[in-house]
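Take a moment with the chains below. Then follow the text through them, one region at a time.

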Amino acid sequence: MADGPTAGIVMHVDGVAMHPGAGTSVAAAMLNAGTWGFRRSVRGEPRGPLCGMGICHECRVTIDGIAHRRACLVLVANGMRVETGGDGA
Amino acid sequence: MSASNREFDADVAVIGAGPAGIAAATRAAEAGARVVIVDESPNVGGQIWRHRPGAAAPTGAIRWLARLERSGARVLAESTVFDLHRDDRDGFVVAFERAGAPGELRARALVLATGARERFLPFPGWTIPGVIGVGGAQALLKAGASVRGKTIVIAGSGPLLLPVAASLVHAGAHLALVAEQAPARRVASFAVGLWRRPAALRDAVRYRAGFLRVPYRLGEWVTEARGASVLTSVVMTDGRSSRAIPCDLLCVGFGLVPNTELPRHVGCSIADGVVRVDDRQATSVQGVFCAGEPTGIGGVDLALVEGEIAGLCAAEQGGAASSPLRARRARLRRLAAEMDRAFALRDELRRLPTAETIVCRCEDVAYGALYRDWSPRQAKLYARAGMGACQGRVCGPALEFLLGWDGDAVIRAPVTPTLLGAMCGREGDAPSVARVPSQPGNRNAPMRDE
């Protein structure tokens, strides 16, 4: 029910197409596609979601050109483009 | 409605749309107040009632969500409040960011229902992707994450471990272990006392039944997470011997921490880390009420009762809470205090981080870079601990536990990272709540304006 492509949403994460179900958060969609490194820390370590509710900012990514968006608070949308690996700023 | 009322966008602005905020907004609107409820999530429900759009809401939530909708309170979703201050007309200005654009609303009274977050404690490897919160796992699951076939360890403390364990098993995960740090003796005596609290007992039994095949160990905790770019195993101990468990995910959390940033920012008095409220849920600031976890961790039922009282009192300045509500609140507060004692954190957890362990994840500050006799402010100035994007929301409570630091630092706007454009939006850029689209013909309709 929670998995599997529905509603025909296509989003791209670092150029790779994903087909998340409607109502999925960007963070959940990325995890489902096997992406665990969302950003790079100040020292260059990979980081992924921790709190899942917008507190920790560890899941921040660039969405449609806007940096530092919390992937756990944004729902997927058709045509959305996500970039990971932003430096720890 | 008096003439001056029209200068305000709302009689009552409720910040946070979890159970406390929903109950407050509903009761205030039912009492005839014009109510706006603001939340940063796409959907109302907060953390505990979080559900996907279109999916069925949790049973306990359905009645309240329907009642909120009928009440006429307006919902402003996906709106992150970054500033609250008194305006010059005996009310408050709530400044928020919504989809990158600034927004502002003026209200006569405020109900702060900002909820709680998880307490994370640093240990070697806790920054490796695949180490997530217990509530974090629940939130991601409800947001559509799949855990089918994943091997998962749950470790930490508190009643939250049980429902999350049940959810993960239900979602097809292979749960290897659920480890509660509190000693068996304390948890057992709490559980025995539950016979007097049938509802809480029923919940506990139901959740445990949801992961019956998985061991629930008391007096066991995580000491290390291992892996390079992703988690591969965790090390568990009971204080005598240790063992490594291979896993894909570690869900870890050590109880909840009240979100007191907005109450502190607007000047509410805080004691022992929680917002001080009187019998009417009124804070020390005139016109500001507070309900739910910020006044002390107590769970959904207590949050609802406090929300109801806060909403009623905020709607009718000078109103008083009914005695059945007050009695229920007192009973639930006693249960919360018992839970607090049962799941108190053990000393050994203070010795988990090494000098190299990162404590501030935003700025990559190692534990060894901090000095015990510093204040949180000195840690910010000298080591940048707490200076990053989360503004100390993660490392603050951890350092409070590890070093006994007082978390009550000054909170300045923006209370959460905010686009510069939203903060200094020019005249014309800054819509009042009136510019946010609403359903035609019904000024007070809850807004779901996708």
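Is Asp347(B) buried, partly exposed or exposed? At 47% relative accessibility, Asp347(B) counts as partly exposed. Buried means under 20% relative accessible area, exposed means over 50%, and partly exposed lies in between (1.4 Å probe, protein chains only).

First, some ground rules. This is a predicted model, where local features need pLDDT of at least 70 and side-chain atom pairs count only at pLDDT 80 or more, while totals for chains, interfaces and linings use all residues; side-chain values use heavy atoms, with hydrogens and water left out. Residues are numbered from 1 along each chain as its sequence is written, and chains are lettered from A and ligands numbered from 1 in the order in which they are written.

Back to Asp347(B). Its side chain meets that of Arg350(B) in a salt bridge, 2.4 Å from N to O. A salt bridge is a side-chain nitrogen of Lys or Arg within 4 Å of a carboxyl oxygen of Asp or Glu. Arg350(B) is partly exposed too, with a relative accessible area of 33%. Another salt bridge joins Glu348(B) to Arg346(B), with the closest N and O atoms 3.3 Å apart. Glu348(B) is partly exposed at 28%, whereas Arg346(B) is buried at 14%. Over all chains, the structure holds 26 salt bridges.

Now move to where the chains meet. Contact (heavy atoms within 4.5 Å) takes in 36 residues from chain A and 42 residues from chain B. The area buried between the two chains is about 3200 Å², and carbon and sulfur atoms give 58% of it. Buried area is the accessible area (1.4 Å probe) that two parts lose on being put together, summed over both. Trp36(A), Leu50(A) and Met53(A) supply 23% of the area that chain A buries against chain B, more than any other three residues.

Charges meet here as well. Three salt bridges cross the interface of chain A and chain B. In one of them, Arg47(A) pairs with Asp364(B), the closest N and O atoms being 2.6 Å apart. The pair runs from the loop between β20 (358–360) and β21 (365–366) of chain B to strand β4 of chain A. Helices (H or I, at least four residues) and strands (E, at least two) are DSSP runs, numbered from the N terminus.

Next, look inside chain B. Why is strand β5(B), residues 92–98, largely enclosed by the rest of the structure? Seven of its seven residues are buried, so the strand is largely enclosed. Both faces are covered. Phe92(B), Val94(B), Phe96(B) and Arg98(B) lie on one side, with Val93(B), Ala95(B) and Glu97(B) on the other.

β5(B) also has neighbours in its sheet. Two strands pair if DSSP finds at least two bridges between them. Seven bridges join β4(B), residues 79–86, to β5(B), and the two run antiparallel. Asp83(B) has Ala95(B) as its bridge partner. Five residues lie between these strands in a hairpin, and Asp90(B) in the turn has a positive phi of about 65 degrees. Seven bridges also join β5(B) to β6(B), residues 101–112, again antiparallel. There, Glu97(B) has Pro102(B) as its bridge partner. This hairpin has two residues between the strands, and Ala99(B) takes a positive phi near 50 degrees.
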